[in-house]
Amino acid sequence: MATAPGATIPYLAAHRDPYDSVIKSQAWTRTISASSIGRFWPSVGTVKRLQITSRDGAGSWGGRVKTIKIIGTSRTTAVSGTTFQHMFGMRSSLYMIAGSTTTRSAAPRALPRAVVYKPAAAYATFPRRYQSGSAVDLLLISPAGALQRYPVVRGVLQHPVMIAANAGPFTHVVNAGDWNGDGYQDVLVRTPQQKIYLRRGTSTGKLAAGVSMGFGANIRAITSIGDANRDGHPDLAVITDAGNLWLYYGDGKTGRAGRKLISSGWQDHSWLRGPGDFNHDGRPDLISRVGDRLLLHKGVKGGFAAPVTLAIGWSDISSITSVGDFDGDGKADVIARTTDGRLVLYKGDGRATLTRRNALSGSFTGTRFAV
């Protein structure tokens, strides 16, 4: 094995690796069924063939896969080589396809390269980020129930990467921020049995097994808002079945340090969302909906101010979420999903106002937001 030469730097010559023999076997295979590929990309129909269309030029077979086409009976779609790799737990993006039947495709004789994501700032909540290097990530539950991370690059959604399977049955899936302070952002899931589990982010990009947080009963809506009581730990806003708004304070570990009743009369509020510091006053805010009005609840000491209207006439919107600064302008934004399955970016202006809307490419019918 040798290191690859620098493509644009001539003085970086290729050299043999004297430590290559330490790893006795660098070959691996992965058998992937057409049906499993189809579950992640149902729009292609029955998967007929995979076709590698571009590589990076460094290494065997022309280098690591940059783009791979999934060819089906209904359509053809292109995804990145790393997205396909992570989706199916492959050891590297340096692979080839052996066989292209409708029953299986394999990737033999590839070089092992473990993906390790570095931790970020401890206890960070915004931007929502599940991989070092991503500016921000949007979490969606697919129609098949997979929890998928959509990286955002310069305001454009990239191809999804699955970080957990079987998220469909959960009543709530919540971006928790780095709840336990290890530098990896976490996810909370609530079961139909009214128990909440912490699914910790890890250096592999996947979520760890759930740890019971010791609460979860009588909750109608829940969202992560950041550090509300300024103790350095992420917190939650919760609407109970009785229509009361509570703050649940994180303990910096895997549970809750305490809770505080903020106000009553929230029976008619839905779409409880934490956009972060939406109006740039240094405190986390809340968004909710009553009827066709989208409301902003500005954070104040000890709770939230009286709501102000962000928008009206949202009858064609089925849900919203916020991941922080989506488009890189330093201001928190809102993502909406329309009733016909499109995603729309509503840009925040940092002054408690939503400005113009931009449609995002792709169809997301049947998906759910992690909130």
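This is a predicted model: local features need pLDDT of at least 70, side-chain atom pairs count only at pLDDT 80 or more; totals for chains, interfaces and linings use all residues.
The phi angle of arginine 230 is near 60 degrees, a positive value in a residue other than glycine. Arginine 230 has a relative accessibility of 53%. Because exposed means over 50% relative accessible area, arginine 230 counts as exposed.

Asparagine 166 belongs to the loop between β9 (161-164) and β10 (172-177). For asparagine 166, too, phi is near 60 degrees, and this residue is likewise one other than glycine with a positive value. With a relative accessible area of 62%, asparagine 166 is exposed.

The peptide bond between phenylalanine 126 and proline 127 is cis, and its omega angle is about -5 degrees. Proline 127 is located in the loop between β5 (105-106) and β6 (136-141).

## Overall composition

The protein chain contains 2 helices and 28 strands. It comprises 371 residues, of which 47% count as buried. When contacts in the protein chain between residues at least 6 apart in sequence are considered, 44% of them join residues at least 24 apart.

Strand β2 (residues 47-55) and strand β3 (residues 65-72) run antiparallel and are joined by 7 bridges. Within this pairing, valine 47 has glycine 72 of β3 as its bridge partner.

Strand β3 also pairs with strand β4 (residues 76-80), in the antiparallel sense and over 5 bridges. Here isoleucine 68 stands opposite valine 79 of β4.

## The open sheet β24-β25-β26-β27

Four strands form an open sheet in the order β24-β25-β26-β27, and their pairing is antiparallel. At its edges stand β24 (317-324) and β27 (354-360), each of which pairs on one side only. From one strand to the next, the twist averages 25 degrees. Strand β26 (residues 343-348) runs antiparallel to β27 and is joined to it by 5 bridges. One of the paired positions involves valine 344, whose bridge partner in β27 is alanine 359.

Isoleucine 335 is part of strand β25 (residues 333-338). Its relative accessible area is 1%, so isoleucine 335 is buried. Leaving aside residues up to four places away in sequence, isoleucine 335 touches Ser319, Ile320, Thr321, Phe326, Val344, Leu345 and Phe369. Val344, one of these contacts, is the residue bridged to alanine 359 in β27. Isoleucine 335 and arginine 357 are separated by 22 residues in sequence, and their C-alpha atoms are 9.4 Å apart in space.

## The largest pocket

The largest pocket holds about 660 Å³ of space. Its lining consists of 23 residues, and those nearest its centre are Trp41, Tyr150, Gly362, Ser363 and Phe364.

Among the elements that contribute to the lining of the largest pocket are α1 (34-40), β6 and β7 (147-153), each with at least two residues. Classed by residue type, this lining has 10 nonpolar, 11 polar and 2 charged residues.

Serine 142 has a relative accessibility of 9%. Because buried means under 20% relative accessible area, serine 142 counts as buried.

Residues up to four places away in sequence being excluded, serine 142 touches Gln148, Gly366 and Thr367.

Note on methods. Residues are numbered from 1 along each chain as its sequence is written. Side-chain values use heavy atoms; hydrogens and water are left out. Buried means under 20% relative accessible area, exposed over 50%, partly exposed in between (1.4 Å probe, protein chains only). Two strands pair if DSSP finds at least two bridges between them. On a 1 Å grid over the protein atoms alone, a cavity is a set of points where a 1.4 Å probe fits but cannot get out, and a pocket is an open set with protein on both sides within 12 Å along at least five of seven lines; lining residues have an atom within 4 Å of a point. Grid points are joined across faces, edges and corners, and a volume is the space filled by probe spheres set on the points. Ala, Val, Leu, Ile, Met, Phe, Trp, Tyr, Cys and Pro count as nonpolar, Asp, Glu, Lys and Arg as charged, and the others, Gly among them, as polar. Axes are lines fitted to C-alpha atoms, for helices over the stretch in contact, and angles run from 0 to 180 degrees between N-to-C directions. Contact means heavy atoms within 4.5 Å.
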